[in-house]
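Hi everyone, and thanks for coming.

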Amino acid sequence: MNFLPKQARIIHIENMTNREKLFELALEEGTISHQPGQFIMVSIFGIGEAPFSIASLPNEENRFELCIREVGNVTRALHRLPEGAKVWIRGPYGHPFPMKELKGKNLLFVAGGLGLAPLRSSILYALKYREEYGRLIILYGARVPSERLFIKDLELWGKRADVEFYETVDKAEGGWEGHVGVITILFPLFEIDPENTYLLSVGPPIMYRFVIREALKKGIKEDRIFLSLERRMKCGIGECGHCQISGVYCCKDGPVFHYPKVKLLEEAL
Amino acid sequence: MASPEMVLRILEKNNLKIFLEALLREYEVIGVVRKKVGTKNLSDSNFFDYSPLEAADELVLDFDLTIQPPKRFLFPPEETIFQFDIKNGKIEAIFEIKPKILFGVHPYDILAINLLDKALKNNEPYQKRRENTLIFGIDPVRVSPFSFWSTMKSDKVEYGYDIMLTDIGNNYVLEAKTEKGEEIIKQVPTWEAFPSEIREREKVRARIKAICDGRRLNFPMEELPLMLDKSYEHPIWERQANKCLACATCNLVCPTCYCYDIQDSLNIDLKTGKRYRIWDACLLKDFAAISGYNFRDNIVDRYRYRFYCKGKYIYERLGMMGCVGCGRCSWQCPTHIADPIEIYNKLKEEI
């Protein structure tokens, strides 16, 4: 039967910013078995269901992390739950980033704002199998310094010698000494080998247009670009129509799309 | 599948009542009845809709077009998925099916059901209900002035029904498509059709198709996706959408619209409740909205989207045209902007 959720317990909650919390959940039974870029549906009975990308590393356990911004009915209710509370989940759903196929390649990760949450799963995956990938370049842009997510990860990536990490904020505040400006200002800071570099990006719709332009300018080929698009996933199985982008279902054909496909969709970007 | 030697049978019109009464004893029969709309007497009404039959003589088979398609008897507007108990952490799937017969479905509406079968192939409640529903088709003998099913190649259907009836005057020609249909025909007095009666069936079909041919696309239906490919920025969308109320009547009466939402409702005890599936419509403002952003905020985006879904997207995904040409959308649109023939022909002329 479709749509029957399984119970999960909130085992840890971490306040990340004023708007985002990181929830660690554990399924009461079974494993989550997701791939980087996939999402799950989380429900609070009586309020409803909403889709969330899994932010943690794929594993064969029952635990996983969701970075959730308080923005709608379900997320508001989730933000009011304490550790130990139970929620219901179904999934994972959707088309993931092709991490296995990308082994041996240089990867350019570009995350804007909350887009870091879905992309983090892929970044952690590449770091776990570090020796199997080429260069790892990570770009992250937040609106303001206080909205930076996963600060511990950002610090770690900044320190690692085998990761090229660049970040910026749209607006500086509170003694910020890093880059200031939209994410595309980071592109002149590094060189790439266009023959072997793939772009994996997650961010708000407006960001993609500019990021893609910069990537193409750097010589990255169109068929080496993967994007994760956000829509109103409701059923998760390619049926209910809410997440349709032109003729494709974001929940099933996406959320991770190959750019040559996205390019043909009138409604995508 | 019916055995190959199954032949066309003839049912006398006088025996239709016996046939129906026998069916009503065993099944819930959903048939076409008159609806009292704007007339003093029900019998004067020319408005028809599907309804569970209480008596055999309610059934009308010479209708032109029903107000709504039979979709809702396979895919109800609202359906409980499961009930939940928050306190005990329990969920219970709820599902009930009753075997039923849809009696009197025109070929274009059968094609629409065939499309739903594909689009909802992973939807268990739909599929179970579909398996438990027999479909008795009927060839139309009247054509709504809004219909254009012949140009959409929906005057004939190859599968998706158990029995097809054709009115040839004093009698009906009965064609069994499935074993179940064959079994049911055996229970009523019929005789093997004479070649003249079989020829009459073809004549009736050709005559009615010719009437429907009066409203047609000015290009072959198969070119529709390609034509839409070139029309996304055409000013017609803005022009028409200016008159659109975004009321979603076109979605509501469409036999191939199947989009839905999933919602919760709590009982008054605030501890128990249900999760249910409910029809949704792409013309409604919040259809593509997420918290903080609406991907189709403007009416023109939603208005255009529906024509693309019907003429291109569904075709590309399912290999079947998303519009069967029933004409219900243009009939019932309060501002008369939903006619696919008008839009598609205009685009063809202007691109």
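In chain A, buried residues make up 48% of the 269 residues.

A quick note on what you're looking at. This is a predicted model, where local features need pLDDT of at least 70 and side-chain atom pairs count only at pLDDT 80 or more, while totals for chains, interfaces and linings use all residues. Residues are numbered from 1 along each chain as its sequence is written, and chains are lettered from A and ligands numbered from 1 in the order in which they are written.

Now, chain A. Its secondary structure comes to five helices and 15 strands; helices (H or I, at least four residues) and strands (E, at least two) are DSSP runs, numbered from the N terminus. The radius of gyration of chain A is 18 Å, close to the 18 Å from the globule rule for 269 residues, so chain A is as compact as a globular protein of that length. That radius is taken over C-alpha atoms, and the rule is 2.2 Å times the number of residues to the power 0.38. Along its principal axes, the C-alpha trace spans about 50 × 45 × 35 Å.

Two residues are in contact if their C-beta atoms, placed from the backbone, lie within 7 Å. Take the contacts in chain A between residues at least 6 apart in sequence: 69% of them join residues at least 24 apart.

How is chain A divided into domains? There is domain 1 (6–93) and domain 2 (106–228), with bounds that come from an automatic or database domain assignment. Their contact takes 13 residues from domain 1 of chain A and 13 residues from domain 2 of chain A. On the domain 1 side, those residues divide into seven nonpolar, four polar and two charged. Here Ala, Val, Leu, Ile, Met, Phe, Trp, Tyr, Cys and Pro count as nonpolar, Asp, Glu, Lys and Arg as charged, and the others, Gly among them, as polar. The C-alpha centres of the two domains of chain A lie 24 Å apart.

Let's zoom in on one residue. A:Arg135 sits in the loop between helix H2 (116–128) and strand S8 (136–142) of chain A. Is A:Arg135 buried, exposed or partly exposed? It has 16 C-beta neighbours inside 10 Å, so A:Arg135 counts as partly exposed. Setting aside neighbours within four places in sequence, A:Arg135 is in contact with A:Asn106 and A:Glu164.

On to chain B, with 11 helices and 14 strands. A compact globule of 351 residues would have a radius of gyration near 20 Å, and the 22 Å of chain B agrees with that. Its C-alpha atoms fill a box of roughly 65 × 65 × 45 Å along the principal axes.

The domain assignment of chain B gives domain 1 (9–84 + 95–212) and domain 2 (221–350). Their contact takes 31 residues from domain 1 of chain B and 25 residues from domain 2 of chain B. Which elements give two or more residues to the domain 1 side? They are S4 and H2 of chain B, and H2(B) gives the most, with eight residues.

Now look at helix H3 (residues 124–131) of chain B, whose buried residues are B:Pro125, B:Tyr126 and B:Arg129. Seen down the axis of H3(B), they fall within an arc of 100 degrees, so they line one face of the helix; the arc is that of the directions from the helix axis to the C-beta atoms. What covers them includes strand S4 (78–85) and strand S7 (133–138) of chain B.

Next, the nonpolar core, meaning a set of buried Ala, Val, Leu, Ile, Met, Phe, Trp, Tyr and Cys residues joined through C-beta atoms within 7 Å. The largest one has 166 residues, of which A:Phe109, A:Leu139, A:Leu199 and B:Phe136 touch the most other members. Its largest share, eight residues, comes from helix H2 (residues 107–119) of chain B.

Finally, how do the two chains meet? 26 residues of chain A are in contact with 32 residues of chain B. The chain A side has nine nonpolar, nine polar and eight charged residues.

Terms used:
A residue is buried if 20 or more other C-beta atoms lie within 10 Å of its own, exposed if 12 or fewer, and partly exposed in between; C-beta atoms are placed from the backbone.
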